[in-house]
Each structure stands twice: as C-alpha cells, then as structure tokens.
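I opened my notebook for a first look at this protein. Come along as I jot down what I looked up.

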Amino acid sequence: MNDPLDNVREYIADEDQTPQPPVDEELLTAVTGALGFPLPELLVRLYTEIGDGGFGPGYELLPLHAEEGESLLGVYETMVDPGTTWPRGVVPIIDWGCGMYAAVDCLDDRGAVLLFEPNVFSGDWAEVWFLDNDDLADWLRSWTSPTAWFSETGEAEGGPTPWADAAARLVT
C-alpha cells in the first residue's frame with residue numbers, strides 16, 4: 001500500500017494549500033515532553049516531513065505549538081484538565097468548528113482517529129466521542145480522497161461510530 005503522506009502531498013497540491021514549515025526535533029521533543037507521551041510515528045512524520053499546519057480538511061491541521069491561536073498542545077492542555085471531557089493521550093489535530101475536533105489516540109498502536117462532537121451532549125460526556133477510523137494511515141488516505149464522511153463530493157459512506165472506550169478513558 002502506498003505511503004499515506006504521498007496522498008497528503010498530492011491533496012495539498014490539488015487544493016493549492018501552503019503548509020507551514022515542518023517542525024524540527026527540538027520543538028517535537030518539547031511538545032512530546034509537555035504532553036508526557038510520544039506521538040504516533042505517522043503523526044510525527046506528518047509534522048516533520050509535510051508541515052506544522054496550514055493544510056488539510058476543516059480548519060486545517062493544528063500546529064504542534066503556537067504562541068497565538070490554537071495548537072495541538074494548547075488545546076490538549078486546556079481540555080485534559082481533571083474534571084473535563086477529554087481523555088488523556090488523545091491529541092486534537094483538526095478543528096472542525098462548532099467545538100468539534102478530529103483527534104488521534106496516541107495510546108493506540110494504530111493511532112485511531114476520533115471525533116469529539118460536544119454538540120450532541122445529553123448528559124453523558126462519553127457519548128460525544130466517536131471513532132472516525134481505527135487507523136491514522138487509513139484516515140489520512142480517506143480525507144485525501146472522496147471517501148471520508150466529511151468529503152465535499154458526497155461520495156462518503158457511513159460516518160463515525162460511538163467510541164467504545166470513551167467512558168473508560170475520560171479524565172476524572
């Protein structure tokens with residue numbers, strides 16, 4: 001199977017997007033140190049080989065760290081405080097708007113991609129977490145083609161399903 005980053009590069013060119021420069025080892029080390037866990041290798045490659053945001057679906061890939069505006073680290077640190085609704089080890093990567101995020105489960109070997117959808121809250125925060133794709137590589141391939149649920153072409157089938165591990169993983 002092809003490298004999903006090849007699909008991302010092609011998508012960027014087709015969409016005429018301009019990624020920010022890739023991150024260096026120093027920033028990557030600082031961010032993972034602040035998080036307290038490593039990022040999945042494919043996510044590291046996305047940031048170190050493609051760029052630190054400025055491309056992708058939705059409001060585009062969040063930068064790892066930013067002095068101003070949203071970033072992966074900033075949103076994670078805000079959301080994962082005890083008593084909130086964000087699981088430890090799950091980092092936001094895309095802001096979909098309206099409070100929704102695509103996030104990667106860094107504690108999962110395949111880097112499952114989750115959807116945080118707080119607009120469906122009805123009393124149980126576990127019910128706002130959905131499994132978008134159980135594999136980051138497959139998710140990258142889907143958003144670079146017309147097969148993702150959020151695709152503008154209307155060729156997508158299905159969509160995220162409830163994340164079975166949400167209740168057990170929420171920070172309390």
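**Salt bridges and the core**

I began with glutamate 49, which is partly exposed at a relative accessible area of 37%. A reminder to myself: this is a predicted model.

Which residue does glutamate 49 meet in a salt bridge? I found arginine 9, with 3.4 Å from N to O. This pair links distant parts of the chain, since glutamate 49 sits in helix 3 and arginine 9 in helix 1, 40 residues apart.

Next I looked at arginine 9 itself, which is partly exposed at 34% relative accessibility. Arginine 9 also forms a salt bridge with aspartate 6, where the closest N and O atoms are 3.2 Å apart. Those two are 3 residues apart in helix 1 (residues 4-15), so about one helical turn separates them. Aspartate 6 is partly exposed too, with a relative accessible area of 40%.

I then turned to arginine 110 and aspartate 135, whose side chains meet in a salt bridge (3.2 Å, N to O). Each lies in a loop, arginine 110 between strands 2 and 3 and aspartate 135 between strand 4 and helix 5, so the pair ties together parts 25 residues apart in sequence. Is aspartate 135 buried or exposed? I noted it as buried, at 12%, while arginine 110 is partly exposed at 43%.

Shared partners join Asp3, Asp6, Arg9, Arg45 and Glu49 into one salt-bridge network. My search of the whole structure gave 8 salt bridges.

Last, I checked the largest nonpolar core, which has 55 residues; Val91, Ile93, Trp129 and Trp139 touch the most other members. Helix 3 (residues 41-50) gives the most to this core, with 6 residues.

Technical notes. Residues are numbered from 1 along each chain as its sequence is written. This is a predicted model: local features need pLDDT of at least 70, side-chain atom pairs count only at pLDDT 80 or more; totals for chains, interfaces and linings use all residues. Side-chain values use heavy atoms; hydrogens and water are left out. A nonpolar core is a set of buried Ala, Val, Leu, Ile, Met, Phe, Trp, Tyr and Cys residues joined through side-chain atoms within 4.5 Å. Buried means under 20% relative accessible area, exposed over 50%, partly exposed in between (1.4 Å probe, protein chains only). Helices (H or I, at least four residues) and strands (E, at least two) are DSSP runs, numbered from the N terminus. A salt bridge is a side-chain nitrogen of Lys or Arg within 4 Å of a carboxyl oxygen of Asp or Glu.
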